[in-house]
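Q: Please take a close look at one part of this model and then connect it to other local features. A plain account of contacts and geometry is enough.

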Amino acid sequence: MLGWSRAQFALTACYHWVFVPLTLGLAIIMAVMETIYVVKKDDFWKQTAKFWMKLFGINFAVGIATGLILEFEFGTNWSNYSWFVGDIFGAPLAIEGIIAFFIEATFVAVMYFGWDKVSKRFHLASTWLTGIGAAISAIWILVANSWMQHPVGMEFNPDTVRNEMVDFWAVAFNPVAISKFFHSWFSGWMTGAIFVIGVSCWYLLRKRHVRFAIASIKTAALVGIVGTLAVMFSGDGSGIHAAKYQPMKLAAAEGLEDGGPRAPFSIVPGLEIPGMLSILATHDINGYVPGINDLLNGYVDENGVEHLSADAKISKGKVALAAFKSYRSLKDNDPEAAAEARKVLEENIDCFGYGYIEKPEDLIPNVPLVYWSFRIMVGLGGFLMLLMVLVLFFGWKGKLENMKWLQWVALLSIPLVYLAGQAGWVVAEAGRQPWAIDGLLPVSAAVSSLSAGAVRTTFFIFIAVFTLFLAIELRILFKAIKKGPEAVDNNQ
């Protein structure tokens, strides 16, 4: 049952992330285009912006549907998780629903139906605020996700059996959340840019809407290059946070069995750059990066701090669990014994989640999956960056419309940017297994008490429904793309 619940949640999350990055990226690109229209007062840019807005709207609507299903699954498939940390995890999701959806719902309507009803500047503001609303929505969802990666700002209450928020600002400004938001948001710029470039190159291959296509490519490439540079910068921060808060994830992503100072960075198996991982993880070539074996067996870092072995953490965790059970059974009948049990619990609370782990090997994520997903993400990111630089350069030189090979490469690269994004989330989520909340609650203790048959049935229903959603969106997108932008001369 646990396996089917994980598979269902992964399915929903992967489908949802098909729509989100394009929403984030197109929001910026169409806002830039409309800004050019307002500044230049050229109706060509108005029609260009309106075309990409149409595709944005199609993608935006389907993304909302999959996102709602994803949130419902926390209550259906992961009810123990929701009970255990609902006071904390629910707060950013509630804020996301109240603020972000309010902004998006208000200004999306103005953006689509207000062209001839409000001033140009107000309409432009509405377009930008639609993009800002999408970004705010992403912020709070990623605050919730990042808390699962690095839980802060809470205390465990043994009376309610819940973790309760004690510092909202610690949760909101979790350093992992800040890096993860910028990394995800700017990767959306990259997705939107490659999508616009690829679709525009389709027009070039068919010699349709040439001026529109070249203008769209230049705008999207500029946005995408800025976004990719920001992805690289925020990725550096994410690496440092992984080294500090989730060292097992970093070790798995590098396939690092035995770490230490001057840890090498693995390009592919058998090809390494000495000391590079230490530089990336600690910004110091002599920085200590623990490997999988170090984390299981315990180690002493470069500052002389001793880190417990997995066996020691599991032992402390089981002591904490036993003390918790004793406290719960004694608190009404023997206050003194209950107080002593609570003291033992508090002394071992930092390893509470490890009490659910059966053996140290269970703490190792799927290393090949995480290792290769990281390389797919980075490799495709580098390739797509080069592609955007090339189309921008030849676009400005006036040569792109005659370079069919580059147009085909750009068109066929649309699936690759989605693959890069999915690979990044595999690293983030599969890399922290077996934890639902890192170090606090394993997935085995977070799952609902459902029958495997029920989850398996809904898994296949979701496959059918989500595939139908995707097919409908693609059909509508292809129809809109085939029709092309309105009021833009084919010969321009």
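This is a predicted model: local features need pLDDT of at least 70, side-chain atom pairs count only at pLDDT 80 or more; totals for chains, interfaces and linings use all residues.

A: The strands concerned are β3 (residues 265–268) and β4 (residues 271–273), which run antiparallel and are joined by three bridges. Together β3 and β4 form a hairpin, with two residues between them. Gly 270 lies in the turn and has a positive phi of about 90 degrees.

Another serine, Ser 200, belongs to helix α6 (residues 175–205). Ser 200 counts as buried because its relative accessibility is 0%, and the cut-off for buried is under 20%. A polar atom of the Ser 200 side chain lies 2.7 Å from the backbone oxygen of Val 196. Leaving aside residues up to four places away in sequence, Ser 200 touches Trp 52, Ala 213, Ser 216 and Ile 217.

Helix α11 can be checked by its length. It covers residues 310–330, and at 1.5 Å a residue its 21 residues should span 30 Å. The C-alpha atoms at the ends of α11 are 30 Å apart, which agrees with that expectation.

The buried residues of α11 are Ala 310, Ile 314, Gly 317, Ala 320, Leu 321, Ala 323, Phe 324 and Tyr 327. In an α-helix there are 3.6 residues a turn, so residues three or four places apart point the same way.

How values were computed: Residues are numbered from 1 along each chain as its sequence is written. Side-chain values use heavy atoms; hydrogens and water are left out. Helices (H or I, at least four residues) and strands (E, at least two) are DSSP runs, numbered from the N terminus. The expected span of a helix is 1.5 Å times one less than its number of residues. Buried means under 20% relative accessible area, exposed over 50%, partly exposed in between (1.4 Å probe, protein chains only). A polar contact is a pair of N or O atoms within 3.5 Å; within protein, one must be able to donate a hydrogen and the other to accept it, and residues adjacent in sequence count only if both atoms are side-chain atoms. Contact means heavy atoms within 4.5 Å. Two strands pair if DSSP finds at least two bridges between them.
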